[in-house]
Amino acid sequence: MKKFLLSCAALAFSMSAFAEETVIFSDDFEWLEPATSSYKNADGQSIDDNVGQNVFSSAYNPQMGTGIFPGGGKTVDLMENKGYKLLGSTYAKNEVGNSKKVAPTTVNGVGKNYLKISITTFCGGIELPAMEKAGDGIQNAHISFKWTPMANGSKVYDKTEAVVIVENGNDKKVYSFSKNIEDGADYKWFEEDIDLTGVKLDKNTKITFRNSDNQFPDYGAVADKKTARWFLDDIKVYTNGSAAVDEIASDENAPVEYFNLQGVKVANPENGIFIRRQGSKTSKVVVK
């Protein structure tokens, strides 16, 4: 009986190995160090950990066009070198109707190793780098991330509405997220996990994080003083073992493979219990 239980445990472990999470893209923005810990502006302000330290007033989150890195390097340059694209207003009108140019580098900023999206009445966003690891196509992936709306010095939270947009050519899917947070509550991260079942990702897929159409790119007139700011961290695009890669044949036509209970591939299984894998399907079989 003990031997049988051990075999079942080994089987469960071996089968779980075939369903491991596969990360297609991830960024925790820790590469913003050491700049976010050492930089101070001309007024002596340091970059605040708004969320972690519940900083609601006098928060300093430099724009991505600010040279916070040694030698004056800018966050926008590092972002673009990594394949990101910044989004935001190009032109907006103030309360008297005059055009005002607003660069995407000024509506996206930096927190303590995470991003700040949007400022004042202008809303921003980012487009992720190309999903190179998705190759020619992956189905049923997920997008996970952490975020929270920003609050002012009176602990009044912005009514931020944000979206993740997944585009493949003319195919466009929009996933909305928002939080109605009680004013006065402490900051905390909210975790989201978007299920992309039925959506194909490939190396040409465009994934965008930004404010919703109601707030992007210009959230009301300057005189209204509306804000829809938010923080974003720990972005991950992944599969959990149920993804199907287009370049692999369908399950019915895929070659059959066998593994022993230790996960070692067996060319000619006989006289024992084995793991049978065909395409994305895995099962236990007894071979006599």
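In the predicted model, strands S10 and S14 pair in the antiparallel sense, with 6 bridges between them. Within this pairing, Val 166 has Ile 207 of S14 as its bridge partner. In general, the strands of a sheet pair through backbone hydrogen bonds, in either a parallel or an antiparallel arrangement.

The two strands belong to an open sheet of 5 strands, in the order S2-S7-S14-S10-S11, with antiparallel pairing. Strand S2 (85-87) and strand S11 (171-178) form the edges, and each pairs on one side only. From one strand to the next, the twist averages 15 degrees. Strand S10, which covers residues 161-168, is joined to S11 by 8 bridges, and these strands run antiparallel. Here Val 163 stands opposite Ser 176 in S11. Strand S7, residues 125-127, pairs with S14 over 3 bridges, again in the antiparallel sense. Glu 127 is placed opposite Thr 208 of S14. Strand S14 itself (residues 206-211) is mostly covered, with 5 of its 6 residues buried.

The sheet is one part of a chain whose secondary structure comes to 4 helices and 19 strands. The chain has 288 residues, of which 42% count as buried. It exposes about 15,000 Å², and carbon and sulfur atoms supply 47% of this area. Among contacts between residues at least 6 apart in sequence, 71% join residues that are at least 24 apart.

Contacts of this chain can also be described at single residues. Lys 146 lies in strand S9, residues 142-149. The side chain of Lys 146 makes a polar contact with the side chain of Asp 234, at 3.1 Å. Leaving aside residues up to four places away in sequence, Lys 146 touches Trp 189, Phe 190, Glu 191, Phe 231, Leu 232, Asp 233 and Asp 234.

The count of salt bridges comes to 9. One of them is formed by the side chains of Glu 21 and Lys 236, with an N to O distance of 3.0 Å. This pair links distant parts of the chain, 215 residues apart: Glu 21 is in the loop between helix H1 (2-17) and strand S1 (22-27), and Lys 236 is in strand S15 (residues 230-239). Glu 21 is partly exposed, with a relative accessible area of 43%. Lys 236 also counts as partly exposed, because its relative accessibility is 23% and the buried class requires a value under 20%.

In strand S14 (residues 206-211), the side chain of Arg 210 meets that of Asp 213 in a salt bridge of 2.9 Å, N to O. Arg 210 has 10% relative accessibility and therefore counts as buried, whereas Asp 213 is exposed, with a relative accessible area of 61%.

A further salt bridge connects the side chains of Lys 265 and Glu 257 at 3.0 Å, N to O. Salt bridges that share partners join these two residues and Arg 277 into one network. Lys 265 counts as exposed at 53% relative accessibility, while Glu 257, at 22%, counts as partly exposed.

Technical notes. Residues are numbered from 1 along each chain as its sequence is written. This is a predicted model: local features need pLDDT of at least 70, side-chain atom pairs count only at pLDDT 80 or more; totals for chains, interfaces and linings use all residues. Side-chain values use heavy atoms; hydrogens and water are left out. Two strands pair if DSSP finds at least two bridges between them. Axes are lines fitted to C-alpha atoms, for helices over the stretch in contact, and angles run from 0 to 180 degrees between N-to-C directions. Buried means under 20% relative accessible area, exposed over 50%, partly exposed in between (1.4 Å probe, protein chains only). Contact means heavy atoms within 4.5 Å. Accessible areas come from the Shrake-Rupley method with a 1.4 Å probe; for residues, only the protein chains shown count as cover. A polar contact is a pair of N or O atoms within 3.5 Å; within protein, one must be able to donate a hydrogen and the other to accept it, and residues adjacent in sequence count only if both atoms are side-chain atoms. A salt bridge is a side-chain nitrogen of Lys or Arg within 4 Å of a carboxyl oxygen of Asp or Glu.
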